[in-house]
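Please give me a short report on this structure.

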Amino acid sequence: MVMSAVLEEVAMEAPFSGTGRSRTYAEGAEEISGSFSLTDVSVAYGNETVIAGVDMLVPSRAVTALIGPSGCGKSTLLRCFNRMNDEIGNVRVGGTITLDGLDIYQKSIDPVDLRMRVGQVFQRPNPFPMSIYDNVAFGPRTQGIRKREELDAIIEDALRDAALWEEVQNHLKKHAFELSGGQQQRLCIARALATRPEVLLMDEPASALDPISTQQIEDTIAELKDRVTIVIVTHNMQQAARISDQTAFMLRESMDQPAHLVEVGDTKRMFTNPNDKRTESYITGRFG
Amino acid sequence: MSVRPTRARRARLVEAIMKVVTGACVALVIGTALFVLGKIVAAGLPGISLDFLFSKPGMGMRAGGIFPVIVGTLMLVALTAVLVLPLGIMAGIYLAEYAPRNLLTRIVRLSIANMAGVPSIVYGLFGLAVFVLLMHFGKSLLASALTLTCLTLPVVITSTEEALRQVPTDLRQAALALGATRWRAIYKVVLPAAAPGIVTGSILGLSRAAGETAPILVTGAAFFLPTLPNSVFSQYMSLPYHLYVLATQVPNVPPEITWGTAFVLVAGVSVVSMIAAAWRSVQRRKVKW
């Protein structure tokens, strides 16, 4: 009951005030892609259902933040979007998740192809032990791009999009581990962007970084959302309020029952006038 | 109040004694190793000359050099490497990256660990029965190399698996999330990161193979051959077996020949190990997590 009301509300409130959606409409309807729709999504580890009954829309070219206390399944839900849960044994995903209308869990979908459309940035910077150039070139090379000029162009674009180009343009052959933590994380963003994904999943991308690096990552996200749908998991409510257009609040109320979506909606509305008491308590810092 | 100082004094005494005892054990071990190495160098080095390294044994092993012995050892180790490295590394990759964690893989791992503990003469007899006789390879380089492959395989598999496990899961996840297949993630990211460990383990295994006497004694090493081996089905001469022959089978061998042979074997194995260690430390400095 609550869920369907929330869904309706999302449908009514989108497009979000002055965000990517209206702009992309202006650019032409066929360019709109990278929107997810979740229907009754559940996740089980073995016999234990950890997430249940998630219904939500992830609009194209906007930032959706997943918030909630530790252990509420935000990251687990995020990994459903690119089927990274498939890589952990014994995980079952129920319900339906569609990307632009395509059921991503149907038999004919190869997760390898899906992941080229849906990139991910992880909590801790995890550059490969190779040069900056080779890190960013990994995705395009996986897609079969071999021509030097083509790779060079993709890599420059990706590094510019991740706001790292200015700092590394003369050091592309340097080992990625010589970069600072913040630079490494922006390198990981560039690496994910180099496959030209429609969606970028970010799992607490700034939680291991200092405030200045965090600021840079947030600026990068703001720049990117015109071109790519972003779903970000964060435990930092201020961050969710600053950077997202839509917020989804997840909660696992006790260890005996699975986590569920309490509320999802326009970020501004949710932070000023939440529908649910639990959302209000959480964002005002009363628990979690 | 009266008990405590006594206790503290006793604890300090035990502390001091244990430090001395443990230190003495280390000194004893290092001392023994240095004594052995020192003896080999002191007695062997005078016998080393270009002539010794590059001529055939003569006068019933009592003169001449050990050229065919060195060549035979190199061929044997090279052939063993060609056989054991692909097999062992691939098996290690399967166990670390693909194998599910269940009872069967636990049993497989346990068996591999047990294989490492089997005495080498047992491998020799196995090689004699299977490769020399059953498969009709005869006493040959191939039969010995296959036997040494069995002997070295557990070391290579285990060190490969260990090295791969040390590579953070994050890197695999990152590669998969970029649309790489498992194999591409392994080949392009995980294997290069694990290479130092794999190389070290492989060299360790091959050094052991190079020094083994029992398995080759019964599968192909020759007492004396006038010519170098010309195919994998030839018999061959080998340093550890030659050393055994010089030390126990031939009377009145000049000591510089026996010790010189020992010196060549030990020096060869040490040089390769040291190169591997140096290379690994360079790699370690480059790759940190």
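## Contacts and basis

Two residues are in contact if their C-beta atoms, placed from the backbone, lie within 7 Å. By that rule, A:Ala190 touches A:Val136, A:Ala158, A:Leu159, A:Asp161, A:Ala162 and A:Leu164, leaving out residues up to four places away in sequence.

This is a predicted model: local features need pLDDT of at least 70, side-chain atom pairs count only at pLDDT 80 or more, and totals for chains, interfaces and linings use all residues. Residues are numbered from 1 along each chain as its sequence is written, while chains are lettered from A and ligands numbered from 1 in the order in which they are written.

## Nonpolar core

A nonpolar core is a set of buried Ala, Val, Leu, Ile, Met, Phe, Trp, Tyr and Cys residues joined through C-beta atoms within 7 Å. Buried means that 20 or more other C-beta atoms lie within 10 Å of a residue's own, with C-beta atoms placed from the backbone.

The largest such core holds 137 residues. A:Ala190 and A:Met250 have the most contacts inside it. Helix α6 (residues 141–165) of chain B gives the most to this core: 13 residues. Helices here are DSSP runs (H or I, at least four residues), and strands are E runs of at least two, numbered from the N terminus.

## Chain A against chain B

Chain A puts 22 residues in contact with 18 residues of chain B. On the chain A side, α4 (111–117), β6 (118–121), α5 (132–142) and α8 (181–193) each supply at least two residues.

Key: A residue is buried if 20 or more other C-beta atoms lie within 10 Å of its own, exposed if 12 or fewer, and partly exposed in between; C-beta atoms are placed from the backbone.
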